[in-house]
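Trainee: Could we go through this one together? I'd like to know where the labels come from.

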Amino acid sequence: MNAIIENLLTRRSTRAFLQKEIPDNELNEILQAAIYAPSGMGKQTWKFTVLCNQEKIQQLAELIGRKLGRKGYDMYRPQVLIIPSNQKENPHGMEDNACALENIFLAAHSFGIGSVWINQLRTLCDDPEVRALLDEFEIPSDHVVYGMAALGYPADAPKKEIHKIGEIRIIK
């Protein structure tokens, strides 16, 4: 099987991470994959903020958990949290960031690094307390975070089996 297709078909979400650092060169390649994602009308109005500091990641997780009433929320304790943001006024911002996140997930998987989409920040970006923390992370105030990528080495061996998900119908 083609290596790219195999990577696409075997990637799974990881919800338990080892406390093992991701090498800088691999993280940089993952981020390169993100910025080469498709962007509606080629606008590329996104920004990628990368948290490698466990205290900062957990500070954000605790704030999200408190705002959503989810005691103990920890975003699965990733080694790295990539926070793509995009201009609120960009009509393609959500789709652009979704494409970037998919590139992040697939690039990470190619290095044996696990990933999971974190959704909870999207509706909280304009909360004053959340916005203050996003400002600390230098995420522009005219940006929204549609989703985040939690990355780390999987605590459990990833399942490699390929199975059909959904339905495909080809009409000629």
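This is a predicted model: local features need pLDDT of at least 70, side-chain atom pairs count only at pLDDT 80 or more; totals for chains, interfaces and linings use all residues.

Trainee: Which residues of α2 are called buried, and why?

Mentor: They're E26, L27, I30, L31 and A34. Each counts as buried because its relative accessible area is under 20%.

Trainee: How do you know that they sit on the same side of α2?

Mentor: Look at the arc: they cover only 140° around the axis, which puts them on the same side of α2.

Trainee: And what covers those buried residues?

Mentor: The cover includes strands β1 (46-51), β2 (80-87) and β5 (148-152), plus helix α4 (93-110).

Trainee: Why is a group of residues called a nonpolar core?

Mentor: Because its members are buried nonpolar residues joined through side-chain atoms within 4.5 Å. The largest such core here has 26 residues, and L60, I64 and M75 are among those with the most contacts inside it. Helix α3 (54-68) is one of the elements that each supply at least two residues, and α3 gives the most, with five.

Trainee: What lies apart from that core?

Mentor: Another core, of 20 residues, including I82, A149 and L151. L27 belongs to that core too, and L27 is one of the buried residues of α2.

Technical notes: Residues are numbered from 1 along each chain as its sequence is written. Side-chain values use heavy atoms; hydrogens and water are left out. Buried means under 20% relative accessible area, exposed over 50%, partly exposed in between (1.4 Å probe, protein chains only). Helices (H or I, at least four residues) and strands (E, at least two) are DSSP runs, numbered from the N terminus. The arc is that of the directions from the helix axis to the C-beta atoms. Contact means heavy atoms within 4.5 Å.
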